[in-house]
Amino acid sequence: MKHSDLGRLEGDLLIFGGPYSNLQALTALLAQAKEMDIPPERMICTGDIVAYCGAPAETVAAVRQHGCTVVAGNCERQLAAGEDDCGCGFEEGSACDRLSQSWYAFARDRVPSADRLWMAGLPDVVSFQSGQKRYAVIHGGVPDVAQFIWECDEDAVFDTAWDAIEEAVGPVDAVIAGHSGLPFLRVTPRGSWINAGVVGMPPHDGAPQTRFAVLGNTGMRIERLEYDVDGAVSDMRNAGLPSDYADALRSGYWPSEDVLPATLRVPASARG
């Protein structure tokens with residue numbers, strides 16, 4: 001378990017998840033950070049720089065050049081280890097599992113070895129102090145990096161995850177996570193569990209805007225991100241990737257709900 005303690009961070013922090021090889025979304029995010037006067041040392045990515053979209057190598061290069069803190073996601077771990085699948089935790093035979101075979105192979109063939117070596121050194125958990133609180137940042141779960149934790153889960157799920165985090169890094173007042181793709185703030189008996197969402201894919205809500213989070217004096221807030229969707233779709237088509245996730249960038253709905261709990265699914269009849 002690799003742990004990086006960032007110490008005390010002053011001022012607004014920008015937290016974002018899953019660029020997902022979507023260079024256009026990442027570019028928009030970095031421009032937003034500049035407009036908000038948030039430097040790289042106050043930006044944290046919850047992992048999965050590489051995934052569904054068409055510019056994996058370029059997106060990794062942009063993150064590295066920017067210099068923000070990155071927590072290892074399952075995609076970073078799998079690419080670093082030279083594995084043949086994304087390790088996303090999708091149920092075998094599901095649409096997500098089927099589609100991952102295409103985008104992961106595409107990414108694996110294009111991410112340079114130097115970037116894979118960098119991924120191998122990324123921390124599993126990052127901690128920092130902001131105000132009177134100590135935060136832990138993870139990808140999915142500890143020790144299961146690909147664990148899906150949803151807003152609708154029972155308190156026991158959060159409690160078990162919290163125990164594992166504190167065993168690894170000591171007491172924390174709040175947890176920031178990613179992986180699931182849906183942003184939420186859940187107040188648990190142990191403290192706040194915050195998912196910042198992802199910038200590379202919309203949160204299955206019928207709109208193309210993605211999400212990131214800002215931690216400031218008044219707490220955590222979730223922000224929408226506008227970006228060049230057409231450019232991202234074009235990259236995916238030029239890469240020869242299946243159209244499912246490209247369509248999702250425009251429709252705002254994921255190509256499969258297999259991974260989602262029943263309460264978070266959107267019936268076809270309710271989609272615009």
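Predicted model: local features only at pLDDT ≥ 70, side-chain atom pairs only at ≥ 80, totals over all residues.

1. Strand E6 (residues 133-137) and strand E7 (residues 174-177) run parallel and are joined by 3 bridges. Tyr 135 has Ala 174 of E7 as its bridge partner.

2. There is another open sheet, with 5 strands in the order E4-E3-E2-E10-E11 and again mixed pairing. Here the edges are strand E4 (69-70) and strand E11 (219-225), each of which pairs on one side only. Strand E2 (residues 13-16) pairs with strand E3 (residues 43-45) in the parallel sense, over 3 bridges.

3. Which strands does helix H1 lie across? Helix H1 (residues 23-35) lies across E2, E3, strand E10 (210-216) and E11, and its direction is at about 170 degrees to E2.

4. Helix H2 (residues 56-66) packs against helix H5 (residues 113-120) at an angle of about 55 degrees, the axes being 11 Å apart. The two helices are therefore oblique to each other, and H2 passes H5 in a left-handed crossing. On the H2 side the contact is made by Val 60, Val 63 and Arg 64, and on the H5 side by Ala 114, Asp 115, Trp 118 and Met 119. By class, these residues are 5 nonpolar, no polar and 2 charged.

5. H5 also meets H3. The axes of H3 and H5 come within 8 Å and cross at roughly 120 degrees, so this pair is oblique as well. The crossing is left-handed. H3 contributes Glu 76, Arg 77, Leu 79 and Ala 80, while H5 contributes Arg 116, Met 119 and Ala 120. That contact divides into 4 nonpolar, no polar and 3 charged residues.

6. What does the side chain of Arg 77 reach with a polar atom? A polar atom of this side chain lies 2.6 Å from the backbone oxygen of Leu 122. Arg 77 sits in helix H3 (residues 74-81). Leaving aside neighbours within four places in sequence, Arg 77 is in contact with Lys 2, Ala 72, Met 119, Ala 120, Leu 122, Pro 123 and Asp 124.

7. Last, the pair H7 and H8. The axes of helix H7 (residues 229-238) and helix H8 (residues 243-251) come within 9 Å and cross at roughly 175 degrees, which means H7 is roughly antiparallel to H8. From H7, Val 229, Asp 230, Ala 232, Val 233, Met 236 and Arg 237 meet Tyr 245, Ala 246, Leu 249 and Arg 250 of H8. This contact has 7 nonpolar, no polar and 3 charged residues.

Definitions and conventions
Residues numbered from 1 in each chain as written. Heavy atoms only, no water. Axes fitted to C-alpha atoms, helices over the stretch in contact; angles between N-to-C directions. Helix = DSSP H or I, 4+ residues; strand = E, 2+ residues; numbered from the N terminus. Parallel < 35°, antiparallel > 145°, perpendicular 65-115°, else oblique. Left-handed = near helix turned anticlockwise from the far one by under 90°. Contact = heavy atoms within 4.5 Å. Nonpolar A, V, L, I, M, F, W, Y, C, P; charged D, E, K, R; others polar. Polar contact = N/O pair within 3.5 Å; in protein donor to acceptor, adjacent residues only side chain to side chain. Pairing = 2+ DSSP bridges.
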